[in-house]
Amino acid sequence: MIFVFDLDGTICFKGKPVSELILTKLDQLKEQGHEIIFASARPVRDMLPVIHPRFHQHTLIGGNGALVYKKGEALHTGAFHPELRHCLEQLLAEHQATYLIDSDWDYAYTGPLIHPILNNLDTHKLAKHRELQQLKDIVKILILSANDYETLKQKLAEYDIVVHTYTDENLIDISPSGINKWYALQKLGILEQSYIAFGMIVTILQCFSMQNRQSW
């Protein structure tokens, strides 16, 4: 059986590493011949600090499905199309936005040095902080601040992207359309009903619901 585990709020809590008690149970699943996959909204570089190194060679799904790694190697990257990326970059510049933007491994950051998001950003210094133009691919954009915030949100709604707004923190999270954890499982050749998911069931059910509506 394939077991898929979300991280934050499922097997690790408050940004701390997965406990040894849970790791021992995961070891037992491995010994019984089961496959273990870790899936998270975190990019893969930020998954590694909370997963013990003995599990780093397992399949890792990061960026809510945008990144798929296995045995330490990138298998798939779900990035913004270059033309769409160019349009989004223009919007960021137009609205003087500050941001955290992730590529398949490295990132670009223009926010304040005291922003809370830095508490969990590349804590083990595995990646490089680059200029936006230096990132080969972009898989996620988190806007931290911007001029004319409401107008920016209206403009973003015109594009074929997924936008989540966190009103309390005044953040805008942007990802490519169609990218999610179920998408990543499909890229791995995993079929429906061939796995058990922990902590991401709602997301997968939402994806099934969307697919069903599209087929009507």
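Colleague: What is the bridge partner of Phe-38 in S3?

Modeller: In S3, Phe-38 has Leu-60 as its bridge partner. Do keep in mind that this is a predicted model.

Colleague: Thanks! How do you know that strand S2 and S3 pair?

Modeller: Pairing needs at least two bridges between the strands. S2 (residues 35-39) and S3 have three, in the parallel sense, so they pass that test.

Colleague: And what makes S3 and S4 a pair?

Modeller: Three bridges again link S3 to strand S4 (residues 67-70), here in the antiparallel sense. With at least two required, they therefore count as paired. Gly-62 faces Leu-67 in S4. Four residues lie between the strands of this hairpin, and Gly-63 adopts a positive phi near 60 degrees.

Colleague: Let's turn to His-95. Why is His-95 called buried?

Modeller: Buried means under 20% relative accessible area. His-95 has 4% relative accessibility, so it counts as buried. His-95 sits in the loop between helix H3 (82-94) and strand S6 (98-102). Setting aside neighbours within four places in sequence, its contacts are Ala-146, Asn-147, Asp-148, Thr-151, Leu-152 and Lys-155.

Colleague: Nice. What is the order of the open sheet of five strands?

Modeller: The order is S7-S6-S8-S10-S9, with antiparallel pairing.

Colleague: What makes S7 and S9 edge strands?

Modeller: Strand S7 (107-109) and strand S9 (161-166) each pair on one side only. On average, neighbouring strands of this sheet are turned by 15 degrees against each other, direction ignored.

Colleague: How do you know that S9 and S10 pair?

Modeller: At least two bridges are needed, and six join S9 to strand S10 (residues 171-176), running antiparallel. Within this pairing, His-164 stands opposite Asp-173 in S10.

Colleague: Which helix packs on the sheet?

Modeller: That is helix H4 (residues 149-156), which touches strand S8 (140-145), S9 and S10. The direction of H4 makes about 15 degrees with that of S10.

Notes: Residues are numbered from 1 along each chain as its sequence is written. This is a predicted model: local features need pLDDT of at least 70, side-chain atom pairs count only at pLDDT 80 or more; totals for chains, interfaces and linings use all residues. Side-chain values use heavy atoms; hydrogens and water are left out. Helices (H or I, at least four residues) and strands (E, at least two) are DSSP runs, numbered from the N terminus. Axes are lines fitted to C-alpha atoms, for helices over the stretch in contact, and angles run from 0 to 180 degrees between N-to-C directions. Contact means heavy atoms within 4.5 Å. Buried means under 20% relative accessible area, exposed over 50%, partly exposed in between (1.4 Å probe, protein chains only).
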